[in-house]
Amino acid sequence: MIERKAVLEAIAEFFAENFPNVPRDNIEGMKASDVIQQSLDLVEFVLHLEEKLGLEININTLGEKLITKTFGELADDLVTIGKEA
Amino acid sequence: MRTNFVSRYIRAIYAPLVGIPFTNQEMLEAIAARFEALEVDDSEKTALFDFIRLLLIGHRTRYNQYGEGFLWMDTFSDHAEAFTRALEQSISAIADQIESAPPGRQFDAVFGVSSEGLLLPGIAERAARRLGGLVARTATQMDIGNGGCTASVRTVQLVKNLAPEIRNVLILAIEPLSTLIDSKSAARSNWQGICTFGDGAAGVWISDEPGEGALALGELSSWRGDATELIRWDLGTDYYRFGIADLEQFETQVRSEVLKAMTELRVEKNPGAAWAIHPAGIMLLLSLAKKLGLARASLEPSINHFRSCSNMSSVSILHILKNIIGCSKSGQPIRWLSMGAGFHVACGGGVRV
């Protein structure tokens, strides 16, 4: 069982470590594509979530949601994936 | 008891760049233009284009031997003729490099490797014709098809196990993946292939005599898992196209297969070795490195190759190896790990002479 709050904390942690200049006061409303401009960073982001959430994430399962959804919506999806795992 | 053991050495890797470079941005613009004529409903088209934007995020280049109109191939003949043209171009580019510093002895075997199409005469015969006197008339000349991304290193493994009478071998790996592009299809695996792959060509000279800068081949092994259909050619609109059995579970299945193979093959975590890892996506590369206990720095040759050339199927590992061998010192252990359709995992290595 993965909590939504834990997902958002893991997302915030990644941006604090890797993109310290990005404001994190409205992380739920931001999209990955607002911040991440390189595929390597996107992969690092997914690997970070895998490690922190103890979840195996298939990039193809999330697909374009990774860049079109907000982190809040993404957190909801990851909670669902966590339930199904 | 084995009595015919012979030491073999990679004497040279020929790694020309063939075709025209296309950046992610150029790809995205070309695909956007092609999508205007794609016959699927608007919502599906929008979702597919968002998926493609995800695949093309950041800076990456691939080479394309078809040229500007690569998204407008229209018939079986377009694809098949593009395959033949690409092979001729690649053979010529490899031959130019061989002729600039030719081996002192004729090749007594030539193997052609490609997974994208068929043609007669084959790669080996065309290369032998192009190389003239560098290939003996009595040389073994054979093509190896349908091997996927591990085909080149599995052919190196095959050559290592040949009879001692065969002393000087040339392998040509030629993968014009652009010929598989099916721009009329909305299949996601098809577009994943279009965005992931680049065209490539490479040659390997393997000899039973060591030489300056050679790599003495050590143990080479390969493994086949149960996910036989995981990566395959699907029948496209006019030709074959890249296909994946279960796209949503693809990364997870690949990682699982590779980890099973690594356990069975007992892949060493030699911290002093330089590594060439097939760039089957950065996600796999980075997660594999963690499992292998490799430092991020050791992945740089593979990541750099992926950035500049994308995934050239069985050609990529040879380009990466050439770079690593060129940068290594005498006595340096070098390892490789490749994975692909079959589902095959192939690993091996050696020591820089």
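Analyst: A helix axis is a line fitted to C-alpha atoms over the stretch in contact, and an angle between two axes runs from 0 to 180 degrees between N-to-C directions. This is a predicted model, in which local features need pLDDT of at least 70 and side-chain atom pairs count only at pLDDT 80 or more, while totals for chains, interfaces and linings use all residues. Residues are numbered from 1 along each chain as its sequence is written, and chains are lettered from A and ligands numbered from 1 in the order in which they are written.

User: At what angle do H3(B) and helix H4 of chain B pack?

Analyst: Helices (H or I, at least four residues) and strands (E, at least two) are DSSP runs numbered from the N terminus. H3(B) and H4(B), residues 123–131, pack at about 45 degrees with axes 10 Å apart. Angles under 35 degrees count as roughly parallel, over 145 as roughly antiparallel, 65 to 115 as roughly perpendicular and the rest as oblique, so H3(B) is oblique to H4(B). Among the residues that meet are B:Leu87 and B:Ile91 in H3(B), and B:Ile123 and B:Leu131 in H4(B).

User: How far apart are the axes of helix H2 and helix H6 of chain B?

Analyst: The axes of H2(B), residues 42–55, and H6(B), residues 188–196, are 10 Å apart, at an angle of about 30 degrees. H2(B) and H6(B) are therefore roughly parallel. The contact includes B:Phe51 of H2(B) and B:Trp191 of H6(B); two residues are in contact if their C-beta atoms, placed from the backbone, lie within 7 Å.

User: Which element gives the largest share of the side of chain B that touches chain A?

Analyst: Across this interface, 19 residues of chain B are in contact with 18 residues of chain A. H2(B) gives the largest share of chain B's side, five residues.

User: Which residues touch the most other members of the largest nonpolar core?

Analyst: A nonpolar core is a set of buried Ala, Val, Leu, Ile, Met, Phe, Trp, Tyr and Cys residues joined through C-beta atoms within 7 Å; buried means 20 or more other C-beta atoms within 10 Å. Of its 134 residues here, B:Ile13, B:Val110, B:Ile171 and B:Leu172 touch the most other members. Helix H3 of chain B (residues 76–100) supplies the largest share, eight residues. Domain 1 (9–207) and domain 2 (215–352) of chain B both contribute, so the core lies between them; domain bounds come from an automatic or database assignment.

User: How many residues of each domain of chain B are in contact?

Analyst: In chain B, 46 residues of domain 1 are in contact with 44 of domain 2. H5(B) gives the largest share of domain 1's side, seven residues.

Technical notes. A residue is buried if 20 or more other C-beta atoms lie within 10 Å of its own, exposed if 12 or fewer, and partly exposed in between; C-beta atoms are placed from the backbone.
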